[in-house]
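Subject: Structure handover

Hello,

Here is the structure I promised to pass on. Please open it alongside this note, and then read on for what turned up.

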Amino acid sequence: MARDCAKRLGIGVPNVYIIHDQSINASTYASDTVTPTIVIHSGMVERMTPGELKCVIGHECGHVHNEHIVYQSIYNVLANLLTDRNIIIQLLSASNVVMFYEWSRAAEITCDRAAMICADNIEDAINVNKKLAYGTFINRQDEVNIDELRRQLDDLSTIASVATELYNTHPSSIRRVLTSEEFSHCELLYQWRPELKKPDMILHTKEETDALCAKYVAVLKDERKGVEE
């Protein structure tokens, strides 16, 4: 799976390790695009189908492809240095911290797109986020109502939800399901994977898809910068 994803995205084949941990998680460690390492928790392996697991690996390969780990590492080092010197408040304003988390959430959406580009079946990529939204119950993803998720998105605009989400590195699963659905109808996806295009599909341009996804991902009302290319 890792070799296939790496070949498709044009990166070095990652080392993949599975650790015994029942939490549903995976992470990537890399200083370049040649020798990345992906760590997957056993809980993720046990609860995903083979097709979905490939999308998890594709997502992590997306972080390598876009060099997200490098940027995140630079931020972490800077934040730790400033904290140690007790001048973080002076040199790293709250607005900059919020901007980093905004970037991090956009980066996750970018990697969800990478997962779909690497997928054998587009639905597998969407189902990963559906499972994350519903606790990874094996059949629960089939019950997800997309229109209902759009309605629930309005509930995330409360003051309490906004205050929490502003400092989250990952978008809520609801946001990720909706943005994945949008990308499944984007012409960019089928430029990468023309063989997955179905007859008579109505596709959106990348610009149209980015605009829709920006609204789904935005935590603040004036957050309209969109997702990464």
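Which residues does Ile40 touch, not counting those up to four places away in sequence? This is a predicted model, and in it the list runs as follows: Val16, Tyr17, Ile18, Ile19, Asn25, Ala26, Val45, Leu53 and Ile57.

One of these has a further link to Ile40. Ala26 is its bridge partner, with Ile40 sitting in E3. The two strands, E2 and E3, pair in the antiparallel sense over 4 bridges. Strand E2 covers residues 26-29 and has two faces. Ala26 and Thr28 make up the covered face, while Ser27 and Tyr29 are on the uncovered one. In a regular strand, side chains alternate between the two faces of the sheet.

Now the core. The largest nonpolar core holds 32 residues. Those with the most contacts inside it are Ile40, Ile57, Cys61, Met116, Ile122 and Leu189. Two or more residues each come from helix H1 (2-9), strand E3 (37-41), helix H3 (50-65), helix H6 (94-118), helix H7 (122-133) and helix H11 (187-192). H3 gives the most, with 6 residues.

Last, helix H10, residues 173-183. H10 is mostly covered, with 10 of its 11 residues buried.

Best wishes

Terms used
Residues numbered from 1 in each chain as written. Predicted model: local features only at pLDDT ≥ 70, side-chain atom pairs only at ≥ 80, totals over all residues. Heavy atoms only, no water. Core = buried A, V, L, I, M, F, W, Y, C linked by side-chain atoms within 4.5 Å. Buried < 20%, exposed > 50% of the residue type's maximum accessible area, 1.4 Å probe, protein only. Contact = heavy atoms within 4.5 Å. Pairing = 2+ DSSP bridges.
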